[in-house]
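Have the viewer at hand and follow along.

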Amino acid sequence: MKKINEIFYSLQGEGFHVGTPAVFVRFSGCNLKCEFCDTRHKEGVMMSDEEILEQVCQYPCKTVILTGGEPGLWVDEDLVAALHKAGKYVCIETNGTCVLPESIDWVTCSPKLGASLRVRRMDEVKVVFLGQDVSPYLQLKASSYFLQPCSCRNTAEVIEYIKSHPQWRLSLQIHKLIDIP
Ligand SMILES: C[S@@+](CC[C@H](N)C(=O)[O-])C[C@H]1O[C@@H](n2cnc3c(N)ncnc32)[C@H](O)[C@@H]1O
Ligand SMILES: Nc1nc2[nH]cc(C(=O)O)c2c(=O)[nH]1
Ligand code: SF4
Ligand SMILES: [Mg+2]
């Protein structure tokens, strides 16, 4: 059983797959307490993998995004295998502090200041930019490196930083701009 905060259908609002329709499975709870966190994730109900699958499969899209809270605290090979069996493409949004099932198709790692990384593989790095030194994150092995304004508030600052550090790309949280979940 896994504690689920919400399951909803929307468009990926951030990062590499922005604009892609996806079912979001938001797991409950987190091992970090980022003061800027934009998500209420504490509440939740215990669900079996079968119950999660049943809800996910109500929607026609292929992409499933495991998020939270910190999904790495809950996700296992069994759930990923069940999603694969149902034909799904499995993405995860993680703070990178947990070892993840290797079978996940796409790993978005959003490292947080002072939190050691245990994740073994990532496809994209996506850092919430608050003016911190983000240059060490370019040493992580990934195919894209995104900076994301914090709550859409410091977009101009992020744009200026990227113009002088062009290894980075801008990730806007488009769901907040167009007011969808
Ligand atoms: C709510 S977190 C859940 C997944 C995981 N705990 C993590 O931090 O990656 C999903 C994404 O939202 C980002 N995020 C959280 N609060 C934010 C904020 N106020 N503004 C912009 N991005 C934020 C996180 O860095 C992460 O990339
Ligand atoms: N539309 C939309 N896209 C997202 N991408 C990552 C999200 C998250 O909270 O993990 C998120 C979210 O909450 N909504
Ligand atoms: S790691 Fe993610 S879910 Fe946890 S507090 Fe930070 S932003 Fe929120
Ligand atoms: Mg979100």
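**Entry 1: one end of the sheet.** I began with strand S7 (residues 124–129) and strand S8 (residues 144–149), which run parallel and are joined by six bridges. Val-127 has Leu-147 of S8 as its bridge partner. For the record, helices (H or I, at least four residues) and strands (E, at least two) are DSSP runs numbered from the N terminus, and two strands pair if DSSP finds at least two bridges between them.

Before going on, I noted the ground rules. This is a predicted model, in which local features need pLDDT of at least 70 and side-chain atom pairs count only at pLDDT 80 or more, while totals for chains, interfaces and linings use all residues. Residues are numbered from 1 along each chain as its sequence is written, and chains are lettered from A and ligands numbered from 1 in the order in which they are written.

I then followed S8 to strand S9 (residues 169–170): these run parallel too, with two bridges. Phe-146 stands opposite Arg-169 there. S8, helix H3 (residues 155–164) and S9 together make a right-handed β-α-β unit. Right-handed here means that, with the strands pointing away from the viewer, the path from the first strand over the helix to the second runs clockwise.

**Entry 2: the other end.** Strand S1 (residues 2–11) and strand S3 (residues 45–47) run antiparallel over three bridges, with Met-47 as the partner of Lys-2. S2 in turn pairs with S4 in the parallel sense over five bridges, and Ala-22 stands opposite Thr-63 of S4.

In which order do the nine strands of the open sheet lie? I read S3-S1-S2-S4-S5-S6-S7-S8-S9, with mixed pairing. S3 and S9 are the edge strands, each pairing on one side only.

**Entry 3: ligand surroundings.** I counted a residue as near a molecule if its C-beta atom, placed from the backbone, lies within 6 Å of it. For classes, Ala, Val, Leu, Ile, Met, Phe, Trp, Tyr, Cys and Pro are nonpolar, Asp, Glu, Lys and Arg are charged, and the others, Gly among them, are polar.

- Ligand 1 has 18 residues around it, and Asp-38, Thr-39, Glu-93, Asn-95 and Ser-110 come nearest. Strand S5 (89–94) and S7 each supply at least two residues of this shell. Its makeup is five nonpolar, nine polar and four charged residues.
- Ligand 2 has Thr-39, Glu-93, Ser-10, Leu-11, Gln-12, Gly-13, Glu-14, Thr-67, His-175 and Pro-181 around it. I sorted these into two nonpolar, six polar and two charged residues.

Entry 4: Which peptide bond is cis, with omega near 20°? I found it from Gly-68 to Gly-69; Gly-69 lies in the loop between strand S4 (63–67) and helix H2 (77–85).

Cys-152 has phi near 60° and is found in the loop between S8 and H3. Asp-179 has phi of about 55° and lies in the segment after helix H4 (174–177).

Cys-152 counts as partly exposed because it has 13 C-beta neighbours inside 10 Å. Asp-179 has 6, so it counts as exposed.

**Entry 5: helix H2.** Leu-79, Val-80 and Leu-83 are buried in H2. Seen down the axis, the buried residues fall within an arc of 95° (taken from the directions from the helix axis to the C-beta atoms), so they line one face of H2. On the other side of H2, Glu-77, Asp-78 and Lys-85 are exposed.

Note on methods:
Buried ≥ 20, exposed ≤ 12 C-beta atoms within 10 Å, placed from the backbone.
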